[in-house]
Amino acid sequence: MSEKLSDTGRATVLQPLFDSGWAMVEGRDALVKTFKFKDFTEAFGWMTRAAMWAEKWNHHPEWRNVYNRVEVVLTTHDVGGLSALDAKLARKMDSL
């Protein structure tokens, strides 16, 4: 089971994510980022690859797809906020 990120953990893992375009969701302990692709097929293919990692790690995003854009929100509901799993999945999504 995951634990909520400590203040030290946040300082370590969140800044690189902010630098790559992730942001905090207003009013929630969650991360958000919108990914843009050439077209729907590219966006859906990326979602499929991301879904495989999410399933492997049993950590599933909140996301929404409209044509060539995918908005992703990451939080760990079991701990009521951000955990190391959110940072891990965000980094993987950035690398896809």
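**Reading salt bridges and a hairpin**

Asp29 and Lys4 form a salt bridge, with the closest N and O atoms 3.9 Å apart. Asp29 lies in the loop between strand 1 (23-24) and strand 2 (31-36) and Lys4 in the segment before helix 1 (7-19), so the pair ties together parts 25 residues apart in sequence. The model is predicted.

User: How many salt bridges does the structure hold?

Analyst: Side chains of opposite charge can pair when their charged atoms come close. The structure holds 4 salt bridges. Lys4, Arg10 and Asp29 are linked in a network of them.

User: Is Asp29 buried or exposed?

Analyst: Buried means under 20% relative accessible area. Asp29 has 19%, so Asp29 is buried. Lys4, at 43%, counts as partly exposed.

User: Which residue forms a salt bridge with Arg28?

Analyst: Glu62, with the closest N and O atoms 2.9 Å apart. Arg28 is in the loop between strand 1 and strand 2 and Glu62 is in strand 3, so the pair ties together parts 34 residues apart in sequence.

User: Where do Asp94 and Lys33 lie?

Analyst: Their side chains meet in a salt bridge of 2.7 Å, N to O. Asp94 is in helix 3 (residues 84-95) and Lys33 in strand 2, 61 residues apart. Lys33 is buried at 13% relative accessibility, whereas Asp94 is partly exposed at 30%.

User: How many bridges join strand 3 to strand 4?

Analyst: 5 bridges join strand 3 (residues 62-66) to strand 4 (residues 69-74), and the two run antiparallel. Trp63 stands opposite Val72 in strand 4. The hairpin has 2 residues between the strands, and Tyr67 takes a positive phi near 50°.

Key
Residues are numbered from 1 along each chain as its sequence is written. This is a predicted model: local features need pLDDT of at least 70, side-chain atom pairs count only at pLDDT 80 or more; totals for chains, interfaces and linings use all residues. Side-chain values use heavy atoms; hydrogens and water are left out. Two strands pair if DSSP finds at least two bridges between them. Helices (H or I, at least four residues) and strands (E, at least two) are DSSP runs, numbered from the N terminus. Buried means under 20% relative accessible area, exposed over 50%, partly exposed in between (1.4 Å probe, protein chains only).
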